[in-house]
Amino acid sequence: MIRTGDPRRLGVPSSEARLHFDTEPQELGVGPRRRLLMVDDEPAFELSFYCGTCPLLFRRLETAREKLSLESMRARLRGPLDDPEDGGVIEAFGGLLSEGEYLPLLLDVEPRLVIPGKEGDYFSVEQVTAWGIDQFWGLPEYPYTPYYRTFETAVDADAHLYEFVVPMVPPTWNERERVEEYVALMERGTAPTAVAISTLDVCQSALGLAEDPAAHWGLTHFLLDGHHKLEAAATAGRRVRLLSLLTLGESLAGAEEVARLPALRAQPRSARATE
């Protein structure tokens, strides 16, 4: 954790925003409505269900094809931000978002790229210990996207915080030359800045099937800017600075839980002990 800003109102009406949260319309005979992250009025990700007892989720959908970087901010974000308020970055990216309350968090992260179903996959390991496998499919949840793991720590004996950075498009879509450019920049000691809209979803299994029924606090950062930077940092084993705009109105967390987040994010990294 570098610094936390004050909660602030950002954004434009949902009809004008490039990114907003929504719930799909209810159709007769169809299951519960999905909670969605929308980009350019297309559903980009399915998110954790509203009930609070369903598994943590960020599932990329077929219409997730767009990044939301701003050319006007490219030079400013080439280096590290030292304060969330530096350089008008919050205001610039706030113009992409739907109107609401956001908490700025400025973080240093060392990302590790994870491929679903392979080593380090949260959905195949930690989530299974808390929810078991999907009772219909007989398989773990599957996010349909590579993602980055950056941090985890204990909330208390019965809860654990997991942090993820989720690209809007897969790293395979990145331009190789730009990734290599950022690798070289980081190896010279510069930590560029990425920007994300984030959710804090607090989920706990109620099925009684868990090996470890702890609540999972999922801090999930959806990249607005920084796809090449995150891949470069993961490739080079370097840190990157991340400006997170945490949505307060669309997270599955209460005010008390959000208030604890800065202190939790400042704790040492620690894995969940399940034995």
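**A nonpolar patch and its surroundings**

Mentor: Phe-136, Trp-137 and Leu-139 make a nonpolar surface patch of about 450 Å². The model is predicted, so local features need pLDDT of at least 70 and side-chain atom pairs count only at pLDDT 80 or more, while totals for chains, interfaces and linings use all residues. Residues are numbered from 1 along each chain as its sequence is written, and side-chain values use heavy atoms, with hydrogens and water left out.

A patch takes residues with over 30% relative accessible area and no salt bridge; nonpolar side chains (Val, Leu, Ile, Met, Phe, Trp, Tyr) are joined within 5 Å and like charges within 9 Å. The areas are Shrake-Rupley values with a 1.4 Å probe, and for residues only the protein chains shown count as cover.

Leu-139 lies in the loop between helix H2 (126-131) and strand E9 (147-156). Helices (H or I, at least four residues) and strands (E, at least two) are DSSP runs numbered from the N terminus. Tyr-144 is found in the loop between H2 and E9 too. Its phi is near 55°, a positive value in a residue other than glycine. Most residues other than glycine have a negative phi. Tyr-144 counts as exposed because its relative accessibility is 53%; exposed means over 50%, buried under 20%, and partly exposed in between (1.4 Å probe, protein chains only).

Val-125 is partly exposed because its relative accessibility is 45%.

Now to a patch of another kind. Asp-22, Asp-41, Glu-42 and Glu-250 gather in a patch of negative charge on the surface. Asp and Glu count as negative, Lys and Arg as positive, and His and the chain ends are not counted. A charge is placed at CG of Asp, CD of Glu, NZ of Lys or CZ of Arg.

Glu-42 belongs to strand E5 and is partly exposed because its relative accessibility is 38%. Strand E4 (residues 35-39) pairs with E5 (residues 42-47) in the antiparallel sense over four bridges; pairing requires that DSSP finds at least two bridges between the strands. Val-39 is the bridge partner of Glu-42. E4 and E5 form a hairpin with two residues between them, and Asp-40 in this turn has a positive phi of about 50°. Asp-40 is partly exposed because its relative accessibility is 32%.

E5 also runs antiparallel to strand E6 (residues 58-60), joined to it by three bridges. Here Leu-47 stands opposite Phe-58 in E6.

Glu-46 and Arg-59 form one, with closest N and O atoms 3.1 Å apart. That pair links distant parts of the chain, Glu-46 in E5 and Arg-59 in E6, 13 residues apart. Both Glu-46 and Arg-59 are buried.

Another salt bridge joins Arg-76 to Asp-86, with closest N and O atoms 3.7 Å apart. Both residues lie in the loop between E6 and H1, 10 residues apart. Returning to Glu-46 and Arg-59, salt bridges with shared partners join them with Glu-24, Arg-34 and Glu-141 into one network.

Arg-3 and Asp-83 meet in a salt bridge as well, at 2.2 Å from N to O. This pair spans 80 residues, from Arg-3 in strand E1 (residues 3-4) to Asp-83 in the loop between E6 and helix H1 (89-94). Arg-3 counts as partly exposed because its relative accessible area is 41%, whereas Asp-83 is buried because its value is 15%.

For contrast with the surface, look at strand E12 (residues 215-225). There 11 of the 11 residues are buried, so E12 is largely enclosed by the rest of the structure. Strand E10 (residues 159-166) pairs with E12 in the parallel sense over eight bridges, and Phe-164 has Thr-220 as its bridge partner. Strand E11 (residues 193-203) runs antiparallel to E12 and is joined to it by nine bridges, where Ile-197 has Phe-222 as its partner.

Note on methods. Salt bridge = Lys/Arg side-chain N within 4 Å of Asp/Glu carboxyl O.
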